[in-house]
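Here is a short note for someone opening this entry for the first time. Please keep the viewer at hand while reading.

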Amino acid sequence: MATSGVVAEITVGLSSCGIAAGARDVYESFQQKLKGRGIDVELKRTGCVGMCYREPLVDVAVPGLGKTTYGGVTTEYVERIIEEHVVGGKPIEEWLVHLEGRELPDDAYLAPQERIVLRNAGSIDPESIDDYVDTGGYDALATVLKSMSPDEVISVIKDSGLRGRGGAGFPTGVKWGLASQQPGDMKYVIVNADEGDPGAFMDRSILEGDPHSVLEGLVIAAYAIGASEGYFYVRAEYPLAIKRLEIAIADATERGFLGSDILGSGFGFKVKIKEGAGAFVCGEETALIASIEGQRGMPKLRPPYPAAKGLWGKPTNINNVETYANIAWIILNGAEAYASYGTETSKGTKVFALAGKIVRGGLVEVPMGIRLRDIIFDIGGGVPEGRTFKAVQLGGPSGGCIPEEFIDILVDYESVTKTGAIMGSGGMVVMDDSTCMVDIARFFLNFTQDESCGKCTFCRVGTKRMLEILERICAGEGQEGDIELLEELGEKIVSSSLCGLGQSAPNPVLTTIKYFRDEYEAHIQEKRCPALACKALLTYEVVAENCIGCTLCTKACPVGAVSGEKKEVHTIDNDLCTGCDACRQVCKFDAITVR
Amino acid sequence: MEKAAVQAETTKEYLAIVDEIARKYADAPGSVIPVLQQTQARIGYLPMGVIERIGHSLGVPPSRVYGVASFYSQFRFNPVGKYIVKICHGTACHVQGAGAITAAICDELGVHDGGTTEDGMFTVDSVSCIGCCSLAPVIMIADDTFGRLTPAEARKIVREYGK
């Protein structure tokens, strides 16, 4: 038993979401249990493959058995995986997510994906430069430095049709071209990793799972525009991404992929990490630059664009994480290969973060032009059983809610914009019949008014006024004319704000009014929340015929709103009730209803 | 009297920390934010005396240093608890009941959102998205992230840390 001589690989997904689900304990448990067993197993770590709903994920590769993935692994699985699968050679059926050569339900998640940005995520060790190099990493950089002029690089990126993945969708090659044409010997390139849209987490996952792919894209961009220094501007809330980037930069410098004479080409480039300090508006490029310069992150009027006058007044190119992660692939595979994915105006693939009321949530990378329905229902598995799909929020606080009637649109920049939402960075938060659209609008306005930098009056004061109206509506104090007032304020804020934050802040309100006006009206006119989400509008009642007087609910109520003697029908005082739902949750006899 | 002496000692210690950090950045433009970040990482918050010292050390008016610090949500001007309980209020967490998690944790610890417990153990802080949307609702304590929470589980987790 001690030396079965099996050569196997066990890989644990150690990204932030995996770790949050318990992956680190699993990894340590494997370490412990494998120690001194005398079986030849290599224990590895990797980033996130994107199947967040099945975390923690463990891959087991035993020669002759095909690659196997287990999902929802806890430390209790560890012993059995070693004994039955690694030693015994028999995969454990009930925990399988993926088994080479076998069809399993979770295949629906990965099979329709086309992975360019996520090409290495979940398969390589993000802290090993060797792993990255073994997959062809830094080959694109070598090709560029050896055999391409900066203009040739730019024209490949132009031909690929790649557009900025941070939200606005500006053609990347054109952006590079503008910065490269600027005179001057000091230029900068910046990675915008200030992923602030709540509901989007692809940039974090890319940096945690494959940091070298972003770094390689950045060095290529630097060469193309003639920059000698670069910055990663990363949210401080992403400590693991920062740690893995630091390792990647140190290793790349040691190997000569960064430094004063990269791969003997004479081209020199160095890069630093700047940690953001918590300001959503710093995702806007002029605000981001101000922040790197040590100032308050307030946007400036453009032009001049950063391409002409950016960091420290020098020509600067800024792209987001996902954009850079595409570059090396495009160089190696050609502009045509990239442009073969997608639609006429939106080329390539896009990573989406699926979250909210969805069965299979996580990261997916799909060709542009796929139907929205395919992402949410085929890949994501739709809403949980017993609920009905209501809308999907696309584009974060700058975006909007797309209702069911548009579920068959093709996902590209133009089609999404037509609905009133925006592509944004690709966050998709799915909502079902238990989500109140007025509450969602209030949620986003609360966010944007909090994050408004205060420079433009309409954004600073207007969002606050809109928020007050929405809070009133959710509290059951809505008045006739509130909807019209919201619309008017929204339009004024859009037209009178300097930057993208203000120009798009009213979108979540305007789109929910457009598609879910009846919900607003129910709140205002009937003082009723159809989704049963706005607590102030809920009425709790005891169903007399079901109540046996067990007193569980009286004990559960934190405010003493439920009363009644043992074995007698209880009553609820709705004036005291805070709508916490505790009574309904503890009742075993369906004796409490809410409406 | 004794209390004042302790305070003076603490202030001296804080200023020494600022000097040590600022020295590394003497000539670096754009160093205000990294110096603020590292100082807060050591002291836990940014008292006014510390803000002034940073300004003098970097040759930047203290009013500007304060202007920068107060712009970004990361910086705090009051002492915080040993553990900061960050409750994610991103979209996914909101939809999945972050409000109920906040209520449970505040109730368990007997503080308001943003407040610090009397024993100095916990500060409750509602934050924007921490990027673990698929595991919503999520909280973060120190560097540990906990996902797929119910209010009861959230209470249990803070109780464990309080031990």
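Predicted model: local features only at pLDDT ≥ 70, side-chain atom pairs only at ≥ 80, totals over all residues.

The points below go through one chain as a whole and then some local features of the other.

1. Chain B overall. Chain B holds 7 helices and 4 strands. Their order along the sequence is α-α-α-α-β-α-α-β-β-β-α. The C-alpha trace of chain B spans about 50 × 40 × 20 Å along its principal axes. Chain B has 163 residues, and 49% of them count as buried.

2. Helix 2 of chain A. This helix covers residues 23–34, which makes 12 residues. From first C-alpha to last, helix 2 of chain A reaches 16 Å. That is close to the 16 Å expected at 1.5 Å a residue.

3. The buried side of that helix. Which residues of helix 2 of chain A are buried? They are Ala23(A), Val26(A), Tyr27(A), Ser29(A), Phe30(A) and Leu34(A). These residues cover an arc of only 160 degrees around the axis, so they sit on the same side of helix 2 of chain A.

4. Strand 12 (residues 389–394) and strand 13 (residues 400–403) of chain A run antiparallel. They are joined by 4 bridges. For Gln393(A), the bridge partner in strand 13 of chain A is Cys401(A).

5. A nonpolar patch in chain A. Which residues make the nonpolar surface patch of about 230 Å²? Phe170(A), Val174(A) and Leu178(A) do. Leu178(A) belongs to helix 8 of chain A, residues 172–181. Is Leu178(A) buried or partly exposed? Its relative accessible area is 38%, so Leu178(A) is partly exposed. Patch residues need over 30% relative accessible area, and the 38% of Leu178(A) is given above.

6. Where does Pro171(A) lie? Pro171(A) is in the loop between helix 7 (150–160) and helix 8 of chain A. Its relative accessibility is 33%, so Pro171(A) counts as partly exposed. Buried would require under 20%, and exposed over 50%. Pro171(A) and Ile157(A) are 14 residues apart in sequence. In space, their C-alpha atoms are 8.9 Å apart.

Conventions:
Residues numbered from 1 in each chain as written. Chains lettered and ligands numbered in written order. Heavy atoms only, no water. Patch = residues over 30% accessible without salt bridge, like charges linked within 9 Å, V, L, I, M, F, W, Y side chains within 5 Å. Areas by Shrake-Rupley, 256 points an atom, 1.4 Å probe, with all protein chains shown as cover. Salt bridge = Lys/Arg side-chain N within 4 Å of Asp/Glu carboxyl O. Helix = DSSP H or I, 4+ residues; strand = E, 2+ residues; numbered from the N terminus. Buried < 20%, exposed > 50% of the residue type's maximum accessible area, 1.4 Å probe, protein only. Pairing = 2+ DSSP bridges. Expected span 1.5 Å × (residues − 1). Arc of directions from axis to C-beta.
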